[in-house]
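Q: I would like to learn how to read the features of a protein model, one at a time. Please give me the general idea first and then the case at hand.

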Amino acid sequence: MKFYMPTRLYIDNKAVRDHGAELAALGSRAFIVTGSSSAKNGSLSDVKNALETQGVKYDIFDETEANPSVEQIMIMRDRAVKFGADFVIGIGGGSPLDAAKAAALMAANPDKTGDVLYQKCELRHLPVAAVPTTAGTGSEVTQYSILTRHEKHTKKSISHAVFPVLALDDPGYLQTLPHKTVIDTAVDTLAHLIESRLSKNHAGSIFTAEKGLELWGGCKYKIRDNKLDEQTFLQLMYASVLGGMSIAQTSTSLPHGLSYKLTYELGVAHGRACGMYLGGYVDNYPDKSLAETTVKRLGFNTTAQFKAFLTELLNEKPLDKAFALENARGLMQNKDKLKNHGFELDEEKLLEMENMYIK
Ligand SMILES: [Fe+2]
């Protein structure tokens, strides 16, 4: 069994304010990668204050797109290099955090083109700090950076591992999230926990995934009914971190593999897209006993009950059959995701997993 997670992590109300000196100690010129919401939830001003207090200069890129593309990473790289950044801070949901990792790689290799992101080779990168403002991706404790590849019409993880050196998780930032975003991001966490626990290579993630599932299960009705309080946000943040730690060991599996086309072509939010396949995946999982034990940790008696809860929570329209079939065929070519499933698979079995959302 191997467990590897080298990120120094704080989960606290006021995590940035209390540990700002550690953030500022990462360098003398910070390149901040974020989106538009970090200015509203207080995270950006907390980071700016921490840097200013310690005399660290910074440049802010606040236009990170949802599901950032390789092309946008190159724009960030040019800005970071011009500024002379010696470390990168990602603030936001999965998109800015993943973009910060890729920008840190490219900024340390200014002579390379974006192709290098998907080449297997040794590359150094600038240190990365992560300040998440959603409880979903767990990207602050993973090595993954998932980018949009327009030339391939999909999203894909880059070939390099970039663990943040420091993660500052303040559940207070979650309080301004719209209910739909809470659902979408929480379901991303749920997919990480389940896909990791059901992965063929689950040895390194059993403890983190099982604890995360119990925490998530304790929040499930509050998520559905929008009865979110400080304690629930803290619990969700723990679950998200445990989900990230879990997939850092195992990677993700079929629901994530199927989700990318849905996000790329239909614009469905990442966690929601994963969730649309999660109920069918668990309900059709070949090891029935493991699937059942897994949903019991969430507080459901059967996999059918779990699937029904998810269907109600997401309340999505069914997809076109031709789209589902094309997606199943595409995934049959995605060896990285298939190897984690560990059971024999064909298009028909994949369609059964997709079944709940086919017209
Ligand atoms: Fe995810």
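Q: Is glutamate 326 buried, partly exposed or exposed, and which cut-offs decide that?
A: Buried means under 20% relative accessible area, exposed means over 50%, and partly exposed is in between (1.4 Å probe, protein chains only). Glutamate 326 counts as partly exposed because its relative accessibility is 49%. This is a predicted model, where local features need pLDDT of at least 70 and side-chain atom pairs count only at pLDDT 80 or more, while totals for chains, interfaces and linings use all residues. Residues are numbered from 1 along each chain as its sequence is written, and side-chain values use heavy atoms, with hydrogens and water left out.

Q: With which residue does lysine 261 form a salt bridge?
A: In general, side chains of opposite charge can pair when their charged atoms come close. The term salt bridge is used for a side-chain nitrogen of Lys or Arg within 4 Å of a carboxyl oxygen of Asp or Glu. Lysine 261 pairs in this way with glutamate 326, and their closest N and O atoms are 3.0 Å apart. The pair links distant parts of the chain, since lysine 261 is in helix 10 and glutamate 326 is in helix 14, 65 residues apart. Helices (H or I, at least four residues) and strands (E, at least two) are DSSP runs, numbered from the N terminus. Lysine 261 has a relative accessible area of 12%, so it is buried.

Q: How many salt bridges does the structure hold?
A: The structure holds 20 salt bridges. One of them joins the side chains of arginine 297 and glutamate 210, at 3.2 Å from N to O. Arginine 297 lies in helix 12 (residues 288-297) and glutamate 210 in helix 8, so this pair ties together parts that are 87 residues apart in sequence. With a relative accessible area of 28%, arginine 297 is partly exposed, whereas glutamate 210 is buried at 15%.

Q: Where in the chain are lysine 307 and aspartate 283?
A: Lysine 307 and aspartate 283 form a salt bridge, their closest N and O atoms being 3.8 Å apart. Lysine 307 is in helix 13 and aspartate 283 in helix 11 (residues 270-283), so the pair links distant parts of the chain, 24 residues apart. Lysine 307 counts as partly exposed at 23% relative accessibility, and aspartate 283 counts as partly exposed at 23%. Salt bridges can also share partners, and those that do join Arg197, Glu210, Lys211, Glu214 and Arg297 into one network.

Q: Which residues coordinate the iron ion?
A: Donors are N, O and S atoms within 2.8 Å of the metal (3.2 Å for Na, K and Ca); water is not among the atoms, so sites may look incomplete. Here the iron ion is coordinated at 2.2 Å by Asp188 (OD), His192 (NE2), His256 (NE2) and His270 (NE2). The spacing of these donor residues in sequence is D-x3-H-x63-H-x13-H. Histidine 192, in helix 7 (residues 179-197), and histidine 256, in helix 10 (residues 254-266), link distant parts of the chain, 64 residues apart. Both histidine 192 and histidine 256 are buried.

Q: What are the angles among the four donor atoms of the iron ion?
A: Four donors count as tetrahedral if all angles lie between 85 and 135 degrees; four count as square planar and six as octahedral if opposite donors are over 155 degrees apart and all others between 65 and 115; anything else is irregular. The angles among the four donor atoms of the iron ion are 81 to 167 degrees, and the site is irregular.

Q: Which residues form a nonpolar patch on the surface?
A: Patches are made of residues with over 30% relative accessible area and no salt bridge; like charges are joined within 9 Å, and nonpolar side chains (Val, Leu, Ile, Met, Phe, Trp, Tyr) within 5 Å. Accessible areas come from the Shrake-Rupley method with a 1.4 Å probe, and for residues only the protein chains shown count as cover. Met1, Phe3 and Phe207 form such a nonpolar patch, with about 410 Å² of accessible area together. Phenylalanine 207 lies in helix 8 (residues 206-224) and counts as exposed, at 64% relative accessibility.
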